[in-house]
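The exercises below are meant to be worked through with the sequence and the model side by side. Try each task before reading the solution that follows.

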Amino acid sequence: MRKRKKVLIGGALVFALFAGTYAQQQQKEELPPPPPLTKQEMERAKEIYFDRCAGCHGALRKGATGPALTPDKTRKLGTETLKTFITYGTPGGMPDWGRQGILTPEEVDLMARYIQHDPPPPPELPLGEMKKSWKVYIPPEKRPKKPEHNRNWQNFMAVILRDIGKVAIIDGDTKELVSTVDTGYAVHIARYSASGRYLYTIGRDGKVVLIDLWMKKPDKVAEVKTCYDGRSLDTSKYKGPKGDFLDKLAIIGCYWPPSFVIVDGQTLEPLKIVATSAYTYDTNEFLREARVASIVASHYDPEWVVNVKEAGQIWLVDYSNIHAPKITMIDAERFLHDGGWDASKRYFLVAANFRDTISVVDTKEKKLVKNIKVGTRPHPGRGANIDHPKYGPLWCTGHLGDNTIRCIGTDPVKHPQYAWKVVVKMEMPGEGGGNLFIKTHPKSPHLWADRALNNDPKLQRSLFVFDKNTFQIKKVIEIPPEFQGRAVHLEYNKNGDEVWVAVWGKKNEPEKQAILVYDDKTLTLKKAITGNWVATPTGHFNVYNTMKDIY
């Protein structure tokens with residue numbers, strides 16, 4: 001009990017300091033020198049920081065989803081306090097790296113010392129260097145003209161096997177493993193072309209892989225590295241009076257160097273780099289590290305919706321002429337992270353999670369609709385759309401920092417009294433946040449939520465199923481005890497009658513991990529997909545639902 005109290009106090013101290021509320025007299029004290037690091041320790045720490053820390057705290061450590069980790073802050077805390085929150089995490093969503101066993105005690109000590117040093121400058125990546133990494137294994141003219149198998153490929157699931165550098169393709173009808181593809185380090189998301197034929201993956205090292213699902217055994221046909229640190233991509237999906245761009249282009253969003261890169265949709269040839277270093281929308285402060293977070297493809301114009309995280313801007317990037325790109329910059333809120341479409345696919349809603357806000361953009365009128373306050377650190381993934389008998393269309397988000405799910409009205413025409421307001425608040429049992437994903441389907445009466453980043457091991461293994469009409473919890477599901485890890489990510493099959501969940505554990509214990517398939521009607525386990533290949537499964541993406549933006 002004493003140990004737990006100590007941990008919570010340590011976490012509170014960290015957050016008080018990082019919020020700028022540390023005692024004024026301590027701010028004026030001379031900083032102590034950083035603890036010593038050998039050259040070998042420095043190189044190892046840089047690798048760990050990139051892998052586990054840079055996404056939230058930034059390559060330059062100036063903060064975004066997580067607080068700043070600059071030496072003026074970290075040296076005041078000292079090594080022992082820093083080790084405490086690296087080991088045990090914090091209630092606001094910081095993972096408990098040490099307690100999970102992801103970082104050893106020696107690595108925790110190393111990172112506590114490393115972040116007290118000045119951050120080393122990251123390298124640049126010009127177009128010429130990108131092209132050195134570009135490989136086309138099978139050119140478009142030599143690829144199948146039609147599927148070489150009889151499987152229902154639009155119901156395939158692409159499962160990210162994060163820590164072993166692979167993606168598994170699973171037949172959603174038969175639950176059979178169709179193929180495993182080497183994709184490289186720590187894939188973050190998977191997206192599909194407009195036709196659904198091509199699967200694109202991006203790793204946290206910025207490597208993009210293109211996979212052809214029509215091949216007898218789906219495999220990669222091209223790859224390229226456009227960033228040192230990447231998170232997002234999407235494809236060109238517009239076909240209309242302004243041209244036919246289906247499957248022709250793709251866009252890759254980079255954390256470092258801060259930029260987006262336009263590539264050929266069939267070959268991944270790098271075509272255009274656009275830097276996203278920018279001035280913040282509110283204080284007009286220049287940020288070198290203004291990174292690209294989520295990207296979606298507009299349904300109204302040949303445009304991508306690009307979220308420039310630290311600047312608090314949403315860019316509408318017209319890809320009809322990439323050699324003279326037109327970019328509409330919309331001031332929104334900092335720090336933009338992830339988001340998705342409302343049911344009409346006109347309005348894009350994105351979390352400015354460090355400001356506890358959802359920003360809404362009208363992609364038809366190309367303007368900000370509203371910034372809406374929600375809970376603590378919203379993390380919607382792509383969100384969840386509900387058509388409610390009273391409130392009309394709703395879009396919902398969960399939160400990293402609290403146990404609520406909040407739903408916003410999205411119909412200003414037929415339900416103006418509820419539009420652009422939080423009209424529903426659902427609560428999950430237990431303290432703290434840790435929700436990463438929520439998901440529903442138009443054919444389902446349910447909304448599912450995980451708590452993968454909660455500090456409570458029981459909540460990490462639990463799924464929460466809500467009734468979409470009453471907003472009450474219908475069932476709390478704890479994953480079977482024979483599987484060890486966190487219940488993470490939720491995805492419906494094409495028909496909307498199954499929910500797939502990953503049990504994310506350690507990469508050297510595949511026998512304790514699985515992809516769990518639940519019957520959405522009975523809320524019971526239907527199938528556990530297991531095998532030696534099931535190592536560190538995280539996100540999994542259905543072809544049809546992803547290409548059609550169904551969530």
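## Exercise 1: the surroundings of a proline

Pro 144 touches Arg 197, Asp 212, Trp 214 and Met 215, where residues up to four places away in sequence are not counted and contact means heavy atoms within 4.5 Å. The model is a predicted one, in which local features need pLDDT of at least 70 and side-chain atom pairs count only at pLDDT 80 or more, while totals for chains, interfaces and linings use all residues. Residues are numbered from 1 along each chain as its sequence is written, and side-chain values use heavy atoms, with hydrogens and water left out.

Task: find where Pro 144 is placed, and decide whether Pro 144 is buried or exposed.

Solution. Begin with the chain: Pro 144 is in the loop between β1 (135–136) and β2 (156–161), where helices (H or I, at least four residues) and strands (E, at least two) are DSSP runs, numbered from the N terminus. Next, take the accessibility: Pro 144 has a relative accessible area of 12% and is therefore buried, given that buried means under 20% relative accessible area, exposed over 50%, and partly exposed in between (1.4 Å probe, protein chains only). Finally, for a distance across the model, Pro 144 and Arg 291 are 147 residues apart in sequence and 37 Å apart in space, C-alpha to C-alpha.

## Exercise 2: the cysteines

Task: work out which cysteines are joined in disulfides, and describe each link.

Solution. The structure holds 2 disulfides, a disulfide being a pair of cysteine sulfur atoms within 2.5 Å. One of them joins Cys 227 to Cys 254, with 1.9 Å from S to S. This pair links distant parts of the chain, since Cys 227 is in the loop between β8 (219–225) and β9 (229–235) and Cys 254 is in strand β12 (residues 249–256), 27 residues apart. The link of Cys 227 and Cys 254 is left-handed, with -60 degrees about the S-S bond. Cys 227 is buried at 0% relative accessibility, and Cys 254 is buried with a relative accessible area of 0%.

Cys 396 and Cys 407 form a disulfide with their sulfur atoms 2.1 Å apart. The torsion about their S-S bond is about 105 degrees, so the disulfide of Cys 396 and Cys 407 is right-handed. Here Cys 396 lies in strand β26 (residues 392–397) and Cys 407 in strand β27 (residues 404–409), 11 residues apart, and both Cys 396 and Cys 407 are buried. With the bonded cysteines numbered in sequence order, the pairing reads 1-2, 3-4.

Solution. Cys 56 is in no disulfide. As for accessibility, Cys 53 is buried at 14%, whereas Cys 56, at 38%, counts as partly exposed.

## Exercise 3: a covered helix

Task: determine how many residues of helix α7 are buried, and which elements they pack against.

Solution. Helix α7 (residues 105–114) is mostly covered, with 7 of its 10 residues buried. These buried residues are Glu 107, Val 108, Leu 110, Met 111, Ala 112, Arg 113 and Tyr 114. They pack against α3, α5 (79–88) and α6.

## Exercise 4: confidence

Task: identify the stretch of the chain over which the pLDDT is below 50.

Solution. The mean pLDDT of the chain is 92, and 94% of its residues reach 70 or more, where pLDDT is the predictor's confidence in each residue, from 0 to 100. Over residues 1–28, however, the pLDDT is below 50, and this stretch has 30 contacts in the model beyond near neighbours in sequence. Where pLDDT is low, the predicted coordinates should not be read in detail.
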